[in-house]
Amino acid sequence: MRAVTAALTCALVMTSVTAVAQPAPQAPAAGAATLTVNVVGMHNSKGQVECLLYAGGVGFPGKPDKAVGKVTVPISDEASTCTFASVAPGDYAIELFQDENSNGKLDTGFMGIPSEGFGASNDAPEKFGPPKYAGAKFTVTGDQTLTIHMTYAGM
């Protein structure tokens with residue numbers, strides 16, 4: 001009898017913990033916008049495009065775990081469109097890359113130079129390293145469309 005009582009108590013506690021652990025659905029933030037990113041200038045239609053949205057520069061670039069949004073989209077006719085829904089007003093930056101071999105990461109070669117296409121909002125230049133947040137920063141105040149040109153190292 002004690003074993004049955006202990007098992008039922010354990011099951012009840014686990015159910016309660018599970019219920020608490022589930023986040024409640026959240027309504028879109030007031031003033032939330034749709035951010036559309038047109039990616040152009042790819043040298044082929046292989047693989048997919050990974051788009052990462054960073055808020056306030058935290059983690060930009062190169063720290064995908066710090067991104068507030070991530071979208072993976074197919075490529076058609078050497079172009080793609082990434083869409084981020086319910087983006088709160090504020091300052092952001094985007095980094096993206098053409099994942100030609102669909103391995104989920106930007107492949108690099110000698111000295112960390114990307115071997116796949118990459119880009120950043122405002123087509124921020126990469127001078128002796130990845131683009132800086134200051135060059136890629138943009139402000140969302142409402143629905144917005146950006147165009148980013150894919151860059152290929154050494155091309």
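The largest pocket in this predicted model holds about 580 Å³ of space. Rolling a probe the size of a water molecule over the atoms shows where empty space is left. Here a pocket is an open set of points on a 1 Å grid over the protein atoms alone, where a 1.4 Å probe fits, with protein on both sides within 12 Å along at least five of seven lines. The volume is the space filled by probe spheres set on the points, which are joined across faces, edges and corners.

So who lines it? There are 26 lining residues, each with an atom within 4 Å of a point. Closest to the centre are Glu-95, Leu-106, Pro-114, Phe-118 and Pro-130. The elements giving two or more residues to this lining are β2 (48-55), β5 (90-99) and β6 (118-120); strands are DSSP runs (E, at least two residues), numbered from the N terminus.

Now for the loops. Between β2 and β3 (69-74) you'll find Pro-61, joined to Phe-60 by a cis peptide bond with omega about -20°.

Glu-78, in the loop between β3 and β4 (80-87), isn't a glycine, yet its phi is positive, near 60°. Its relative accessibility is 37%, so Glu-78 counts as partly exposed (between buried, under 20% relative accessible area, and exposed, over 50%, with a 1.4 Å probe and protein chains only). Asp-123 also has a positive phi, near 50°.

A word on the numbers: residues count from 1 along each chain as its sequence is written, and side-chain values use heavy atoms, leaving out hydrogens and water. Local features need pLDDT of at least 70, side-chain atom pairs count only at pLDDT 80 or more, and totals for chains, interfaces and linings use all residues.

Definitions and conventions. Helix = DSSP H or I, 4+ residues; strand = E, 2+ residues; numbered from the N terminus.
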